[in-house]
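Student: I am new to this structure and would like a close look at one part of it, the pairing of strands. Please then connect that part to the rest of the chain.

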Amino acid sequence: MPEQVTHDAGPCQRVDDHMTRVFQLLGKRWTGLVVSVLLQHPAHFADLRRAIPGISERMLSDRLTELGGAGLVVREVDEGPPLRVVYGLTEAGAALQPALMELGTWAETYLPESPPCPGELRKCP
């Protein structure tokens, strides 16, 4: 009969609920890039789409809606004509800047550089 192995439950802790919520929102594809663009300045939908090669209109719309629901992005309508929508970060969204800058620095140091043109994510000159 095999010996039953037991261990101390101390190291087996659950993931922090705060980190879970952060990654449920920011861990989705494209979300960090949308926030990154908006950290520079508010932008119209079309400008966001051009700034993030490879993102579809539907995905951009979904991510902006999620970020708006989380209180990170605000949607303002420019009175027309033509009617245009500008997206900008709320105070909570802008507060992500130090964390995202730190992640960028970490990636520069520890992640290998990507190929010059990784398919649909970047446009080759």
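**The sheet and its surroundings**

Tutor: Of the 125 residues in the chain, 20% are buried (under 20% relative accessible area; over 50% is exposed, in between is partly exposed, with a 1.4 Å probe and protein chains only). The model is predicted, so local features need pLDDT of at least 70 and side-chain atom pairs count only at pLDDT 80 or more, while totals for chains, interfaces and linings use all residues. Residues are numbered from 1 along each chain as its sequence is written, and side-chain values use heavy atoms, leaving out hydrogens and water.

The chain has 6 helices and 3 strands (DSSP runs numbered from the N terminus: helices are H or I with at least four residues, strands are E with at least two). Read from the N terminus, these elements follow the order α-α-β-α-α-β-β-α-α.

Now to the sheet. The 3 strands form an open sheet in the order β1-β3-β2, and the pairing is antiparallel (two strands pair if DSSP finds at least two bridges between them). The edges are taken by β1 (43-44) and β2 (73-78); each of them has a single partner strand, so one side of each is left without a neighbour in the sheet. Strands of a sheet pair through backbone hydrogen bonds, either parallel or antiparallel.

Take the pairing of β2 with β3 (residues 84-89). These strands are antiparallel and share 6 bridges. A hairpin of 5 residues leads from β2 to β3. Along this pair, Val77 faces Val85 of β3 as its opposite residue, and Val74 is placed opposite Gly88 of β3.

On the other flank, β1 is joined to β3. This pairing is also antiparallel, over 2 bridges. Here His44 is the residue that stands opposite Val86 in β3.

How much of β3 is covered? Of its 6 residues, 5 are buried, and the strand is described as mostly covered. Counting contacts in the chain with a separation of 6 or more, 50% of them involve residues 24 or more positions apart.

The structure holds 5 salt bridges (a side-chain nitrogen of Lys or Arg within 4 Å of a carboxyl oxygen of Asp or Glu). Side chains of opposite charge can pair when their charged atoms come close.

One of the salt bridges links Asp47 to Arg50, with 2.4 Å from N to O. Both residues belong to helix α3 (residues 45-51), and they are separated by about one helical turn because they are 3 residues apart. Asp47 is partly exposed at 29% relative accessibility, whereas Arg50 is exposed, at 58% relative accessible area.

Another salt bridge connects Arg49 with Glu57, at 3.3 Å from N to O. Arg49 has 34% relative accessibility and so counts as partly exposed. Glu57, with a relative accessible area of 48%, is partly exposed.

Helix α4 (residues 57-69) holds Glu66 and Arg63, which lie 3 residues apart and are therefore separated by about one helical turn. Glu66 and Arg63 form a salt bridge whose closest N and O atoms are 3.2 Å apart. Glu66 is partly exposed, at 27% relative accessibility, while Arg63 is buried, at 10%. A network of salt bridges links Lys28 with Arg63 and Glu66.

To return to the part you asked about: in the strand order β1-β3-β2, β1 and β2 stand at the edges, and β3 is mostly covered.

Note on methods. Contact = heavy atoms within 4.5 Å.
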